[in-house]
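Okay, thanks everyone, let me put this one up on the screen. I'll talk through the fold of one chain and then a bit of the interface.

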Amino acid sequence: MDQNIPQVIQTVPLEYYVFFAATLFSIGVLGVLTRRNAIIIFMCVELMLNAVNVLLTAFSAFRADPNGQVFVFFIMAVAAAEVAVGLAIIVMIYRNLQSTDVNLLNRLKF
Amino acid sequence: MNSIILLSVLGLGNLFLGFRRSNRLLLPIMMLILGLVLTVNFLDWNTGAVQLIRFPMLTTDNFSVAFTGIIVLTALLLVPFSQRYVLDEEANLAEYYSLLLFSLVGAIMLVSYNHLLMLFLGIETLSIAMYVLAGSDKRNLRSNEAALKYFLMGAFFTGILLFGMALVYGATGTFELNQISFAVQNPVNASLRPMLYIGMLLMLIGMSFKVGAAPFHFWTPDVYEGTPTFFTAFMSTVVKVAGIAALLKLLVQVFPAASAQGVWLPTLTAICVLTLLIGNVGAVVQTSLKRMLAYSSISHAGYLLIALVAYNGALEGPSANAVLFYSLAYSVATVAAFGVLKLVADARQREDYNGLNGLAKTNPLLAFCLTVSMLSLAGIPLTGGFFGKFFVFAAAVENGYIGLVIFALLMSMVSIYYYLRPIIAMYMRDADDDTAAAVPVSTFQSGALLLLALLTVLLGVLPGLVAGVL
């Protein structure tokens, strides 16, 4: 069964995975550019990273090359580390401002 | 390779020193660690390319040893300026130092990677530590804001870089640099070309963010201003040099094929011109020395990108040498500038040009060192910055980019205006009430400043010491 997973993935054409990942990635980019809440922006960044994971897994399965899937594990681990630091920064700001709206952060200006 | 292992282990060990009540030992220990790593790093010089067998993700060659040397030396010369934290009860000095050591590990991975996974891990190791350090002044809203901006933008552009890597992987089927370049040169499947090009451009965008090149520079002034000055100095030297070296490696080793250049080079040239323009014009209108230095770091990324545009297809040769020399001269001068800025800002609580008024009378040494570093950044002869610019422009002219060089020369004339402003404030203006008292400087710090000024002049008088090493 385990060896069949690449075959299962390959039942869907590769283009579909690429379009799906690109759409997911674009949603993430749009969210980062338009939303004003730090936590939502952060979630959109995670969406972008997961789009990359889908894409890497699909390529990896279609090329029968494990490197792509190993890369995915590294992305997940690094994303977890980033979450830890990012949420700590957001909590620190919430303590000082009682808000996570990025528009309130305008002390640094030209 | 050895320097990575040593830095990781000693960084972990350094964390345990945080349990001690007194911080007094930390600074000498940190300098010892960095000195040790610097020595160990140069043991690998000229041993040929060393790779772990069957794990060729990191390569130690002369290129990586030279850039690691610059990075660790910069950190070593910068550390004395953290001395105020030693006395500060609130500062978690052991943790700051450990994070600096870990981010150095990331920087070293960036200059010696041989696999896109290591590029990604290097960038993240470097960046995550810097996100924390940018916000290390917890109660200060400006530091909070800098940390959040840096973090959100950094994570966003890491996502873009990763998407580019995924597309390049899809088009070539590998993450290893030489195999990618092989696949780029031998188009087995021409229909995958668009995917490859989009991937390359996304990677270029991700990397331009990390080195602070326009139009992805917008975070730089805000983040540099809000971050505590000591860590700003680290960001504008170590992070920038590592990013440029990584970009150079990517450019030279991965995409040297003529067809790929057709996509990559015009984009890089456009980024380079825009960076020079925005960096220099932006710096002119600033009133704060710290913000001016932020824009100046953008403009220097532009000069370094000229050498990247004019690369000649190998990690050795005039272009790589120019990048190496420029990085060293830039790092040394920038550390001195930020060092003086930190000392003055700590004593006088202000970071604008007027805060420097009369410094030549109260602290002749600080004024002299800042003058030398400003002249070097402006590229005046007899300083390292002059030969840095000379080598970069020479490499570009050799490869036929004369228009680009003329533009860069014009921009560096603009830069003289804003680099002279602090010098005028220090020497020509009289001190007002705020700035009448002398700034306290410890022996350690004056020693480091003198060494930095000496290095700058040495590079300007005897450029041959470093110029031909690669």
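So, start with chain B: of its contacts with a separation of 6 or more, 80% are between residues 24 or more positions apart, where contact means C-beta atoms, placed from the backbone, within 7 Å. Bear in mind this is a predicted model, where local features need pLDDT of at least 70 and side-chain atom pairs pLDDT 80 or more, while totals for chains, interfaces and linings use all residues. Residues are numbered from 1 along each chain as its sequence is written, and chains are lettered from A and ligands numbered from 1 in the order written.

Chain B has 20 helices and 2 strands; those are DSSP runs, H or I of at least four residues for helices and E of at least two for strands, numbered from the N terminus. Its C-alpha trace spans about 70 × 50 × 40 Å along the principal axes. Of the 470 residues in chain B, 60% are buried, meaning 20 or more other C-beta atoms within 10 Å of a residue's own, again placed from the backbone.

Now the interface. In chain A, 34 residues are in contact with 32 residues of chain B. On the chain A side, helices H2 (14–34), H3 (38–63) and H4 (67–97) each supply at least two residues. H4(A) gives the largest share, 14 residues. By class, that side of chain A has 25 nonpolar, 5 polar and 4 charged residues, with Ala, Val, Leu, Ile, Met, Phe, Trp, Tyr, Cys and Pro as nonpolar, Asp, Glu, Lys and Arg as charged, and the others, Gly among them, as polar.

Key
A residue is buried if 20 or more other C-beta atoms lie within 10 Å of its own, exposed if 12 or fewer, and partly exposed in between; C-beta atoms are placed from the backbone. Two residues are in contact if their C-beta atoms, placed from the backbone, lie within 7 Å.
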